[in-house]
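Open the model in a viewer and keep the selection panel at hand.

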Amino acid sequence: MKRRFTVSCLSFVCLFLATPPLLAGPQLPPGYTGPGIPEAPETIKRDAAGKATIRAVRLEAPLKIDGRLDEALYSTYRPISDFIQTEPISGAPATERTEIWLSFDRTNVYLSARCYESHPERMIVNEMRRDGNNVGGQENIAFIFDTFHDMRNGFVFNVNPLGARADGQTSNERQYNGDWNPVWAATVGKFDGGWTVEAAIPFKSLRYAPGTEQVWGFNMRRRNRWKNEYSYITPIPNALGNRGLYQGSLAALLVGIEAPADMRLLELKPYVTSDLTSDTLAVPSISNDPGADVGIDVKYGVTQNLVADFTYNTDFAQVEADEQQVNLTRFSLFFPEKREFFLENQGTFAFGGAAVSGDTAANSDTPILFYSRRIGLNAGREVPIQTGGRLTGRVGRYSLGMLAIRADEAAATATPATTFSVLRVKRDLLRRSSIGAIFTARSKGAAAPPANEAFGVDGTFGFFNNLTINTYWAKSHADGVSSDDVSYRGQLEYAGDRYGVQVERLVVGDNFNPEVGFLRRDDMRKSFGLLRFSPRPKRLKSVRKVSWVGSFVHVANGRHQVETRDIDGEFSVEFQRSDLFVLAVSDNYDFLPRPFRISSNVTLPSAVYRYASVRTAYTIGQQRRISGTLSAEHGTFYNGKKTALAFTRPRIEITPRLAFEPSVSVNRVELDQGSFTTTLVGTRVTQAITPRMFVGALVQYNSDSHSTVANVRLRWEYRPGSELFVVFNEQRDTLGTRFPDLTSRALIVKINRLFRP
């Protein structure tokens, strides 16, 4: 009996030692003051302040991504629901019910949604292609994973009822990069009272903190376009509106996700391309010259949160042509980056609070210290990229970005072989603040010393939900230049719903020249102020918000001579149906320190000019079959007058798969030195065949450059991450002897294949 007892005890001890300890389950992060972890079958718990804690459900078998919502998950666990309006009635319950489930297995994170609609026939949705311009502007759901739970950065995914997808990254709760394209899948379905979504995001497509047990931030926005209503899981101030999704500090806490410990990212993406090219501007000229090439991109996860990218013989033939612009100023134009290699973690390299994409970047005087279009492009023509590498990601509270690219010489643009280098480090502070530093360099020739360097330190400080301070100090260095090569900025912005204030001081030295960056204007000492009052009239049921905005700009050069002084006033009305009316007046003072060639046959002399104008615009909401912005402007201009008419950002819905986007901009300028008219006409036609296949054409005529440009693309994602492109490009000179003379033409076929071992 004693022997049996001893054997039993030994057996028990051996069994105990051989059995892995039970997991303690998900834990709340230290210092978290929100609600506790929900117990099954509940998946969300809220407190009185509106904070929410969500628990993801672990699956033993993968979900079938078919949009049907018929697995056991949906009957076993209660959904996350009770969305809260941000617009039009802040804090009120959403008028249409939304139910979602978050789950995961060893490979994927899943989001499933059931979106109820009281009037499905009224839904506004006519975009099917991936990353289409209107995916986020119509009926859709969008969700964000803050995978490092730093409450300022995240990965964003959008799906609409036609199955169109869009994706992007946010940084600092403000900047959105919509050109990031990870591998993920989503399928939609319909039921009598609405539509459904099932989406699978591979862990390999995300970056997250080390360790198996993950704590993320999460939020989701539902947009009912026919009601012009936004709603979220957590309360979002109506001052943020559509941007509330990016506000990581207001998102729900997501616990329970167990990331695979052995998941190490490795992606190989080789490509093959063939082309037939004609170029009359090349020396010697080329006519129907055949060519072929190969290259490869490699992505490797150094850790779960640090990713290295390598590229060899990079090709960007599939990138859509730039939309042309008319420039009636003496300053540089900004064009957005569209090349995939430079887009992931683009926000890591943002510096000093300056925007790196979108209209804000295009209209800002703030220098951009790293502007990736300096690499591989010169005078609008492509420069071959030999090799390159990047390392981006996070180490604790630090964000890290390193880049080195070697561009080959290009005889057509007299561009020597050049090496570009960038180093960016940023450290998070408090809830929404950070400090950092950046260094950029550009060299010419393999053995030559750097031709240009720039470095700087910056800080972004966020307080409450709407108060931000941006500041930086930067210096450039070039051989033979040793003075007036510094730039610095201090900006305070309060962006409340009812009131808005901006105050800025920006200095750019005459010799400040970051050649790897973008500099719209140098030799300036700028002071800027803005006041906004935006009440929401309760008695006008058709009006959502009325705004009065007044701004003042004062710019002097390094000799303390005033060059620009602008006083602007704007009145706008935002209607409940999302239409927008704007009336703006401006009074301008402009000193030209040197003669300015404003058109090919008109040059303004150096002098002081005073002029004023009135502008009105009406934006037609996207819920209509014809949408866009109609604008008209008239007034004095330098020593004459200017009249401008435009129809921009248009869309004419023909079918849910076929869209026609014509645009036109005409400026009639009459000056003492002569008169001229600039005309910019363009149209984009898109035919979506499936959510993964579309044909698009962009045709433009620019009277300023006397050219017509056509860009036609077929894009087929024949499997996730793998694509086939057929591209036709043509440019013609409208002043040629044989109108219109051919300038260049290319037919390109490119195929790539993604391998994920």
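In which loop is Asp484 found? Select the segment between β26 (467–478) and β27 (486–495): Asp484 is in that loop. The model is a predicted one. Asp484 has a phi near 50°, which is positive although the residue is not glycine.

Arg649 sits within a strand, β37 (residues 640–653). With a relative accessible area of 60%, Arg649 is exposed.

Now go to the cis peptide bonds. Select Ala40 and Pro41: the bond joining them is cis, with omega about 10°. Pro41 belongs to the loop that runs between α1 (2–18) and β1 (44–46). Then select Glu87 and Pro88, where the peptide bond is again cis and omega is near 0°. Pro88 lies in the loop between β4 (84–87) and β5 (98–104).

For the surface, select Val395, Tyr398, Met402, Leu423, Val425, Phe439, Phe455, Val457, Trp473 and Tyr488. Together they make a nonpolar patch of about 820 Å². Colour β22 (398–407), β23 (418–429) and β25 (450–463), the elements that each give the patch two or more residues.

Turn to the open space. The second largest pocket has a volume of about 510 Å³. To find this pocket, select Tyr32, Lys51, Met151, Ser249 and Ala251, the closest to its centre among the 22 residues that line it. The pocket lining divides into 11 nonpolar, eight polar and three charged residues.

Then show β8 (154–159), β9 (165–171), β10 (175–177) and β21 (385–395), each of which supplies at least two residues of the cavity lining. What classes of residue make up the lining of the second largest cavity? Five are nonpolar, 17 polar and five charged.

Definitions and conventions: Residues are numbered from 1 along each chain as its sequence is written. This is a predicted model: local features need pLDDT of at least 70, side-chain atom pairs count only at pLDDT 80 or more; totals for chains, interfaces and linings use all residues. Side-chain values use heavy atoms; hydrogens and water are left out. Patches are made of residues with over 30% relative accessible area and no salt bridge: like charges are joined within 9 Å, nonpolar side chains (Val, Leu, Ile, Met, Phe, Trp, Tyr) within 5 Å. Accessible areas come from the Shrake-Rupley method with a 1.4 Å probe; for residues, only the protein chains shown count as cover. A salt bridge is a side-chain nitrogen of Lys or Arg within 4 Å of a carboxyl oxygen of Asp or Glu. Helices (H or I, at least four residues) and strands (E, at least two) are DSSP runs, numbered from the N terminus. Ala, Val, Leu, Ile, Met, Phe, Trp, Tyr, Cys and Pro count as nonpolar, Asp, Glu, Lys and Arg as charged, and the others, Gly among them, as polar. On a 1 Å grid over the protein atoms alone, a cavity is a set of points where a 1.4 Å probe fits but cannot get out, and a pocket is an open set with protein on both sides within 12 Å along at least five of seven lines; lining residues have an atom within 4 Å of a point. Grid points are joined across faces, edges and corners, and a volume is the space filled by probe spheres set on the points. Buried means under 20% relative accessible area, exposed over 50%, partly exposed in between (1.4 Å probe, protein chains only).
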